[in-house]
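User: I would like to go through this model with you, starting with the interface and then turning to the individual chains. Here it is.
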Amino acid sequence: MTLQNLKTSIENKSFKPTSFILLSEDKFIPLQYINAIQKDLGFSITYIEDLSVISPDIEDIFSVETQDINTDIIVFNTDVVDFSNDILYNKNNIIIVTSKIDKSSREYYKNIIVEVPKLVEWQVKDMVYSMCSGIDNKYLDWLIKNCNNDVNRLYNEVSKLSLFNESERESLFLEMSNEGAFEDLSANTIFNFTNAILKKDIKSLKTIFDEIDSIDINDFGLLTILYNNFLNVINIQLGTNPTPDNLGMSSKQFNAIKYNCGYYSANQLVIIMKILSDIDRKIKSGEFPIDIMRDYLILSVLSQ
Amino acid sequence: MRSALFDKVDRLTLDRLPRTLLLLGDYGCGKHTLVKYISERFNLEVENITENISSELIDNISQRTSPSLYVIEGMKLTLRDENILLKFLEEPLKNAFIVILSESKQSILPTVLNRCQVWNFESYDRVYLNSLINTSCNRELLLSIANTPGKILEYQQYPIEDMFNLANKIFLNIHKANFANTLSLSRHLAFKNEKDKYNVSLFIDILLECCRKLIIVGKLANYGVYKLTSKLNNNKLIFNIDKKALFEHYLIELKEICG
């Protein structure tokens, strides 16, 4: 199936449930397609956190009872597809939404991958202008710039404005803007920051660091999140037989942490934990000034 | 049996009661009990001012006319608090008696220490402590880690024997465990006051005692382990310290020493 086929089948209401993978760098458009399948065509959709819920064959460390899900379409939203399993060929109602697929899985599923291009700048502008007709484009351009062209963030903001009558939108926009409703807009949160450190993603880290003052980051909160994240990685990457049960976490959390493993060696992880576990003591005993804590955290972790 | 400090209070009159006093003694030795005794003996109102030390409070106190006892938990003082306190201590007010409670001299600034009369709680007699035990817990183990009445009364409700067994296992087996397994030890401790886990401060006391015993009987040859455990025991007293991070840091260093 191609994207054009999918689009046409939705538009002329000829779409029938079938299994395929929607692959896109940005999940915004794939999720809009799923919304359209649900709302415009009336199919029931169930989101699952793990494919093992519907198939006992999925290789997994823990055993999860499979469920009978009574729904037209099952959607599995995941960051990466790195498995090859017959389930998509055996069932005809599973849609996987993902932003990455590894080489062998891509080969295995090549007949059912639908590649969805990311929205480019003019398309994002088009979307914003059309949803916010009645507001001068110069204001909308300012909003797009403030949201760093992040289509997910923009969609959230313009959805609110589009609820109002066209004649009211501009005055409302100006009022909200004067009250600072769009100030300090950053698409990033403390979790984007810590994930970038966890994955040694220097490129993302640089982007986030450039707008750090507009992200709500508490230094002790940053320390706690990083500490817990690295501890979780150690438990899974260095553990002998890690399972969600024996680590006291949900399967979704377990799987999410698995994808954060492997960016640091065992030795590096131990050194990082040693540093992170001693910062609190150093600050509270006065050995270490709190105002350099954030920079110290980042540099000492990334220098490993 | 009561501390000799109570007799000392009995021999004093109000005008001979020190204006600035530092009561020094382990947790559970009776510091708060002595404060209550002093307030009743001299009919003084007691106010704990630890949480709101400020210049405004000191000014407010200077205007009060009824004599009062102001209690400060020394272990919770920040550097800022201690500096504000210095002014208070340098020019004692007519109707104010200041009592600082602390488990350790090291946690008090020398400049504050110099302005206080220090009263040390003496050690308690083992026979007396034994008489306070009223459960079927292992008395020998309890007496080896509880040296004050408060500790005896509190600790006897905990599974001391199980905690000693775990501490033993840590020292004797840590060289075999991997890092993930080592760090999982912190799951046994009640960092968030969980009822089904071990009291953190007590477990650290037990670790130190266990380490000492293992070195004496020759099962632990590495004195560095004792130094590290002793450092953990001291650091647990730092006010507001993240005890989980502290303990996990200790486990990492212990693992590194033991191999």
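User: How many residues does the contact take from chain B and from chain A?

Analyst: The contact takes 19 residues from chain B and 18 residues from chain A, where contact means heavy atoms within 4.5 Å. Please note that this is a predicted model: local features need pLDDT of at least 70, side-chain atom pairs count only at pLDDT 80 or more, and totals for chains, interfaces and linings use all residues. Residues are numbered from 1 along each chain as its sequence is written, chains are lettered from A and ligands numbered from 1 in the order in which they are written, and side-chain values use heavy atoms, with hydrogens and water left out.

User: What area do chain B and chain A bury between them?

Analyst: They bury about 1,600 Å² between them, and 61% of it is on carbon and sulfur atoms. Buried area here is the accessible area (1.4 Å probe) that two parts lose on being put together, summed over both. On the chain B side, the residues that lose the most area to chain A are B:Ala180, B:Arg187 and B:His249, together 27% of what that side buries.

User: And where is B:His249? Is B:His249 buried or exposed?

Analyst: B:His249 lies in helix α13 of chain B. Helices (H or I, at least four residues) and strands (E, at least two) are DSSP runs, numbered from the N terminus. B:His249 is buried, with a relative accessible area of 9%; buried means under 20% relative accessible area, exposed over 50%, and partly exposed in between (1.4 Å probe, protein chains only).

User: Which residues is B:His249 in contact with, leaving aside its neighbours within four places in sequence?

Analyst: With those neighbours set aside, B:His249 is in contact with A:Lys274, A:Ser277 and A:Asp278.

User: Which side chains meet in a salt bridge?

Analyst: Those of B:Glu256 and A:Lys274, at 2.7 Å, N to O. The count between the two chains is 1 salt bridge, defined as a side-chain nitrogen of Lys or Arg within 4 Å of a carboxyl oxygen of Asp or Glu.

User: Which elements give two or more residues to the chain B side?

Analyst: These are α10 (179-183) and α13 (243-258) of chain B. The largest share of that side, 8 residues, comes from α13(B).

User: Changing topic: why is strand β4 of chain B largely enclosed?

Analyst: In strand β4 (residues 96-102) of chain B, 7 of the 7 residues are buried, so the strand is largely enclosed by the rest of the structure. B:Ala96, B:Ile98, B:Ile100 and B:Ser102 point one way, B:Phe97, B:Val99 and B:Leu101 point the other way, and all are buried.

User: Which strand pairs with β4(B) over 5 bridges, and which is joined to β4(B) by 6 bridges?

Analyst: Strand β1 (residues 20-24) of chain B pairs with β4(B) in the parallel sense over 5 bridges, and B:Leu22 has B:Ile100 as its bridge partner. Strand β3 (residues 68-73) of chain B is joined to β4(B) by 6 bridges, and these strands also run parallel; there, B:Glu73 has B:Leu101 as its bridge partner. Two strands pair if DSSP finds at least two bridges between them.

User: Finally, how many helices and strands does each chain have?

Analyst: Chain A has 15 helices and 5 strands, and chain B has 13 helices and 5 strands. Of the 304 residues of chain A, 44% count as buried; of the 259 residues of chain B, 50% do.
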